[in-house]
Amino acid sequence: MDWPRDRWIGYIKGYWKAATVIAEQVTVTGRDQDYLVYPFLMCWRHYVELQLKALILLTKTYRREPANLPLTHKIDQLWRVTRPLLQDAFPGDSQEDLDNVERVLLQLNSFDPTSEHFRYPIHRDGSETLSTLGRVHIRRFHEVMEAVAGLLDGSDTGIRVLTDQRNEHEEAMRDLYKSCEER
C-alpha cells in the first residue's frame, strides 16, 4: 500500500485489474453475471474517474501549472478538463482515438453520472437507478473498456516519460552550466 513513486498507480491499476478478474470469471464460468455486473461496472467507472484525475495531475505537473484537481466524480466534467491537456501534450496524435474514447466515456457517464448508480439500486429519493440500462454484455463491454484504458494508460505513461525526459535534460544542462562556471 506504500507505492514508492505514485500511490495513484495502485488504485488505478487495482480497479482495472478487478474489472478484468470479474470479466474473466464470468466468461470462463458463464455464471454469476447477474450479481457481478454491478461491481464490474463500478470498477470500470472508478478506474476511469481515477485515471482521468491522475492524468490531470500529471499533465498539470508536466506543464508546471498548479495541480488543482476538479472536486467531482462526474466523468464528463473530468474528461472536459483532461482531453485538451492530452491534445496539448501529444499534438500529433489522432483526434479520432480521442473522439472514440469520448463517446464511450460520455455513454458511461450517462448511465452513472454521480458514481452512485452502479453502487446502489435506488437514488436518495427512492427512485430506481439504471432504469435506462437494460442489459450489459460483460465480455463486449470489457473489450471496449480495455481499449479506452489502453489509450488512457498509454497517455499516463507518455506524460510520465515526457516529464522525466524534461527533468533529466534540465539536470544535465544545470550540470553542464555548473562545470562551465568552474572552468
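The lining of the largest pocket comprises eleven nonpolar, six polar and four charged residues, where Ala, Val, Leu, Ile, Met, Phe, Trp, Tyr, Cys and Pro count as nonpolar, Asp, Glu, Lys and Arg as charged, and the others, Gly among them, as polar. The model is predicted, with local features requiring pLDDT of at least 70 and side-chain atom pairs counted only at pLDDT 80 or more, while totals for chains, interfaces and linings use all residues. Residues are numbered from 1 along each chain as its sequence is written, and side-chain values use heavy atoms, with hydrogens and water left out.

The chain contains five helices and zero strands, in the order α-α-α-α-α from the N terminus. Helices (H or I, at least four residues) and strands (E, at least two) are DSSP runs, numbered from the N terminus. The C-alpha trace spans about 75 × 35 × 35 Å along its principal axes.

Pockets were located on a 1 Å grid over the protein atoms alone, a pocket being an open set of points where a 1.4 Å probe fits, with protein on both sides within 12 Å along at least five of seven lines; lining residues have an atom within 4 Å of a point. Grid points are joined across faces, edges and corners, and a volume is the space filled by probe spheres set on the points. The largest pocket has a volume of about 540 Å³. Its lining consists of 21 residues, of which Gln 33, Asp 34, Val 37, Arg 135 and Val 136 are the closest to the pocket centre. Two or more lining residues come from each of α1 (7-29), α2 (33-62) and α5 (138-182), and α2 contributes the most, with five.

The second largest pocket holds about 200 Å³ of space. Among the residues that line this pocket are Leu 41, Phe 111, Phe 118, Arg 135, Val 136 and Met 145. Helices α4 (95-111) and α5 each supply at least two lining residues, and the largest share, four residues, belongs to α4. By class, this lining has ten nonpolar residues, one polar and one charged.

The axes of α3 (residues 75-89) and α4 come within 10 Å and cross at roughly 170 degrees. The two helices are therefore roughly antiparallel, a label given to angles over 145 degrees. Axes are lines fitted to C-alpha atoms, for helices over the stretch in contact, and angles run from 0 to 180 degrees between N-to-C directions. The contact (heavy atoms within 4.5 Å) includes Trp 79 and Leu 86 of α3 and Leu 98 and Leu 105 of α4. Its residues divide into eight nonpolar, three polar and four charged.

The structure holds 15 salt bridges, each defined by a side-chain nitrogen of Lys or Arg within 4 Å of a carboxyl oxygen of Asp or Glu. One of these joins Asp 6 and Arg 160, with an N to O distance of 2.7 Å. This pair links distant parts of the chain, Asp 6 lying in the segment before α1 and Arg 160 in helix α5, 154 residues apart.

Conventions: Parallel < 35°, antiparallel > 145°, perpendicular 65-115°, else oblique.
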